[in-house]
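Here are my notes on the model you sent, as numbered points. Please read them with the structure open.

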Amino acid sequence: MEEKRIIVSMNKLRPLPLDRLTQKFIDKFWNRVNKTNTCWLWQGTISIAKGYAIISFVGTVWYASRFAYYFRHRVDPYPLLTLHTCDNRICVNPTHLFLGTEGDNTNDMVNKGRAKGPDKGTKPSNTILDEYLVSHIKWYLSQGYQQRPLAKFFGVSQTCITDLNRGKTWKGIVARDPKI
Ligand SMILES: [Zn+2]
């Protein structure tokens with residue numbers, strides 16, 4: 001089998017500015033949420049293009065769902081997307097959010113009938129891992145990221161991630177935060 005190396009693009013999304021978080025911002029965030037029995041509806045700004053809940057903070061516009069995910073799980077979704085199980089783009093209920101990739105989002109949309117046509121979002125799934133990528137994967141695992149979205153993001157099998165997590169492979173490699 002011919003293997004292909006993919007370049008992991010991290011330009012599209014940014015890590016949350018966690019070191020800049022203030023109680024004032026956190027209060028501002030939750031003041032914009034209307035918690036119903038199911039979805040927690042965003043009362044703040046909605047993006048014009050796609051209708052997602054957004055909030056500005058430290059000079060940048062963010063998807064509100066990313067903060068909601070962080071506030072509950074203490075994990076920055078970066079570099080993954082926060083996707084909705086409820087299909088409601090203004091929902092910030094963390095129990096309706098899961099981490100995934102662009103490919104997951106496209107598949108999800110196709111399954112739910114929001115998009116038609118071939119899945120162009122899926123990345124090739126035959127990355128050759130090296131120490132550099134492995135150190136990042138180990139870091140995401142140490143932060144509580146789930147194995148399935150990680151496998152998809154890095155373009156490897158879930159078994160590959162499981163083996164790595166159990167120390168069956170790449171034993172000597174130390175976890176390293178990709179943002180540093
Ligand atoms: Zn919801």
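1. Helix α6. The face of α6 that is turned away from its buried side carries the exposed residues T159 and R166. Buried here stands for 20 or more other C-beta atoms within 10 Å of a residue's own, exposed for 12 or fewer, and partly exposed for what lies in between, with C-beta atoms placed from the backbone. Helices (H or I, at least four residues) and strands (E, at least two) are DSSP runs, numbered from the N terminus. The buried residues of α6 (residues 158-166) are C160, I161 and L164. They lie on the same side of α6 because they cover an arc of only 95° around the axis; the arc is that of the directions from the helix axis to the C-beta atoms. These buried residues pack against α4 (131-142) and α5 (147-154). After α6 comes G167, with a positive phi near 80°.

2. Basis of the model. This is a predicted model, in which local features need pLDDT of at least 70 and side-chain atom pairs count only at pLDDT 80 or more, while totals for chains, interfaces and linings use all residues. Residue numbers start from 1 along each chain as its sequence is written.

3. Confidence. pLDDT is the predictor's confidence in each residue, from 0 to 100. Its average over the chain is 79, and 78% of the residues score at least 70. Among the elements of the chain, the highest mean belongs to helix α1 (residues 23-31), at 97, and the lowest to helix α3 (residues 102-112), at 62. Residues 1-11 have a pLDDT below 50, and this stretch has twelve contacts in the model beyond near neighbours in sequence. The pLDDT is also below 50 over residues 114-125, a stretch with 21 contacts beyond near neighbours in sequence. A contact requires that the C-beta atoms of two residues, placed from the backbone, lie within 7 Å.

4. Overall make-up. The chain has six helices and six strands. Their order from the N terminus is α-β-β-β-β-α-β-β-α-α-α-α. Of the 180 residues in the chain, 25% are buried. Among contacts with a separation of 6 or more, 55% join residues 24 or more positions apart.

5. Nonpolar core. Which residues touch the most other members of the largest nonpolar core? They are A64, V92, I137, L150, F154 and I161, in a core of 30 residues. Such a core is a set of buried Ala, Val, Leu, Ile, Met, Phe, Trp, Tyr and Cys residues joined through C-beta atoms within 7 Å. Two or more residues come from each of β2 (40-42), β3 (54-57), α2 (64-73), β5 (81-84), β6 (97-100), α4, α5 and α6. Domain 1 (4-111) and domain 2 (118-166) each give at least three residues to this core; the domain bounds come from an automatic or database domain assignment. Leaving out residues up to four places away in sequence, I161 touches I137, Q147, L150, A151 and V156.

6. Strand β1. V33 is in strand β1 (residues 33-35). It counts as partly exposed because it has 19 C-beta neighbours inside 10 Å. Apart from neighbours within four places in sequence, V33 contacts W40, W42, Q43 and V92. Q43 is ten residues from V33 along the chain, and their C-alpha atoms are separated by 5.7 Å.

7. The β3-β4 hairpin. β3 and β4 (60-63) form a hairpin with two residues between them. The two strands pair in the antiparallel sense over four bridges; pairing requires that DSSP finds at least two bridges between the strands. S56 stands opposite V61 in β4. V58, in the turn, has a positive phi of about 40°. V58 counts as exposed because it has 12 C-beta neighbours inside 10 Å.

8. Other backbone points to check. Most residues other than glycine have a negative phi, and most peptide bonds are trans. D87, in the loop between β5 and β6, has a positive phi near 65°. It is partly exposed, with 14 other C-beta atoms within 10 Å. The peptide bond from Y78 to P79 is cis, with omega near 5°. P79 is placed in the loop between α2 and β5.
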